Amino acid sequence: MTDHVAAGQTSRQTSPDSGALWTEPGAWTVAPGVHRIPLPLPMDGLRAVNVYVMETDSGLVLVDGGWAIPESRSVFDAGLKKLGYTVKDIQRFLVTHMHRDHYTQAWVVGQETGAEVSLGIGDKATMDLMHDETLSVDPNLSRLIAAGASDLVDLWRDNMPREDQPVNNYGMPDVWLDRDLVIDVGGRPIDAIATPGHTQGHYVYADTGGGLLFAGDHVLPTITPSIGFEPAWVENPLRDFLDSLEKVRSMPDMLLLPAHGPIAPSSHRRIDDLLAFHDERLDLCKDAVAGGATTAWDVVAELPWTRHNRTRAELGPFDAVLAAFEVLAHLELLALKGDLVRTDDAEGTRSYTIPPVIEPAEMH
């Protein structure tokens with residue numbers, strides 16, 4: 001079914017989520033007492049973000065909150081109204097990570113209503129950078145230099161994403177999650193699982209009894225999450241991401257409830273796809289270096305991008321930066337494994353080569 005839920009209906013009367021037209025506004029039931037509210041985003045690529053509402057006897061618990069912009073807030077309020085609630089019924093936000101399309105509206109609503117906002121401690125370093133008034137240089141610029149993409153520096157300065165709200169809409173959470181733990185959601189045990197990779201503080205939330213995985217951006221059904229795009233840089237975000245995928249893969253197979261895209265029947269199946277995708281990308285990156293590419297930006301030119309197999313020249317400024325950072329993460333993992341050798345020049349550009357073949361000593 002794809003009908004909208006009529007205003008004023010209770011959750012027991014909402015339409016089941018078919019997965020079709022996943023961006024269509026509404027309050028879509030994905031399981032008993034669990035509903036998906038897609039909220040609009042002001043960008044061409046990711047058209048919406050899914051916020052998940054869990055009903056309990058003591059109020060609502062939400063996974064993610066959307067982007068704090070007027071268009072999102074009006075759809076958010078309307079979706080809650082269709083379920084028979086308002087923001088005052090929200091007791092807690094379990095935010096998967098600190099990106100603005102997940103975090104900022106949760107924080108704003110939390111300030112209005114007193115709802116508790118939780119966030120993974122791994123995102124604190126980036127949050128601290130955002131609130132550092134002494135920081136005068138965008139940390140992403142030095143990373144572009146490291147990727148050998150110095151020609152993107154001015155392009156990034158001119159086209160970098162701008163916030164539509166002051167940084168105080170990025171206030172600190174009420175609770176920092178610093179380990180894997182079980183959260184009691186109105187008698188429903190929810191596993192909060194640290195899954196660094198997309199960001200260092202990313203968490204997924206699993207209702208294993210109900211067979212539901214609230215996956216945030218860690219496991220997406222139709223696209224691959226970006227890797228390596230956060231101001232507080234870590235040396236091996238791809239290693240962290242792949243380890244986190246294996247960690248979630250070891251859990252029971254569940255209904256995949258992603259932040260972007262339609263729900264999907266098997267978390268295991270999609271995780272296997274993502275692992276295979278990155279295995280292939282690692283091979284392609286290594287082959288590109290063997291063919292003469294030396295920097296991440298060189299390798300970007302040798303790989304296809306997006307589901308439409310675009311070339312480097314066809315990427316917009318933001319996607320070009322994401323590509324440079326993602327390839328840099330792949331090359332760093334290959335260097336960590338010994339499949340490539342990395343050298344850094346005086347400007348901080350990282351170059352990669354195939355390790356020399358050491359011939360065995362001649363037998364006498």
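Reader: Which residues bring helix 4 and helix 9 together?

Author: N140, R143, L144 and A146 in helix 4 meet V321, A324, F325 and L328 in helix 9. Contact here means heavy atoms within 4.5 Å. Helices are DSSP runs of H or I with at least four residues, strands are runs of E with at least two, and both are numbered from the N terminus.

Reader: What am I looking at?

Author: This is a predicted model, where local features need pLDDT of at least 70, side-chain atom pairs count only at pLDDT 80 or more, and totals for chains, interfaces and linings use all residues. Residues are numbered from 1 along each chain as its sequence is written, and side-chain values use heavy atoms, with hydrogens and water left out.

Reader: At what angle do helix 4 and helix 9 pack, and how far apart are their axes?

Author: The angle is about 60°, and the axes are 10 Å apart. Axes are lines fitted to C-alpha atoms, for helices over the stretch in contact, and angles run from 0 to 180 degrees between N-to-C directions.

Reader: Is the crossing of helix 4 and helix 9 left-handed or right-handed?

Author: Left-handed. That term applies if the near helix is turned anticlockwise from the far one by less than a right angle; clockwise would be right-handed.

Reader: What makes D138 a cap on helix 4?

Author: A side-chain oxygen of D138 lies 2.9 Å from the backbone nitrogen of N140, at the N-terminal end of helix 4. A polar contact is a pair of N or O atoms within 3.5 Å; within protein, one must be able to donate a hydrogen and the other to accept it, and residues adjacent in sequence count only if both atoms are side-chain atoms. The D138 distance of 2.9 Å is therefore inside the 3.5 Å limit.

Reader: What follows helix 4?

Author: Just after helix 4 comes G148, with a positive phi of about 75°.

Reader: How do you know that E332 and R342 form a salt bridge?

Author: Their closest N and O atoms are 2.8 Å apart. The rule asks for a side-chain nitrogen of Lys or Arg within 4 Å of a carboxyl oxygen of Asp or Glu. At 2.8 Å, the pair therefore qualifies. E332 lies in helix 9 (residues 317-336) and R342 in strand 13 (residues 341-344), so the bridge ties together parts 10 residues apart in sequence. Salt bridges with shared partners join E235, E332, R342, D344 and R350 into one network.

Reader: What makes N236 a buried residue?

Author: Its relative accessibility is 10%, under 20%, so N236 counts as buried. N236 is found in the loop between strand 11 (212-216) and helix 6 (237-249). Beyond its neighbours within four places in sequence, N236 is in contact with E332, L333 and L336.

Reader: What is the phi of T306, and what is that of N309?

Author: Phi is near 65° for T306 and near 55° for N309. Most residues other than glycine have a negative phi. T306 lies in the loop between helix 8 (296-300) and helix 9, and N309 lies in the loop between helix 8 and helix 9.

Reader: Why is N309 called exposed, but T306 partly exposed?

Author: N309 has 54% relative accessibility, over 50%, so N309 is exposed. T306 has 40%, between 20% and 50%, so T306 is partly exposed.

How values were computed
Buried < 20%, exposed > 50% of the residue type's maximum accessible area, 1.4 Å probe, protein only.
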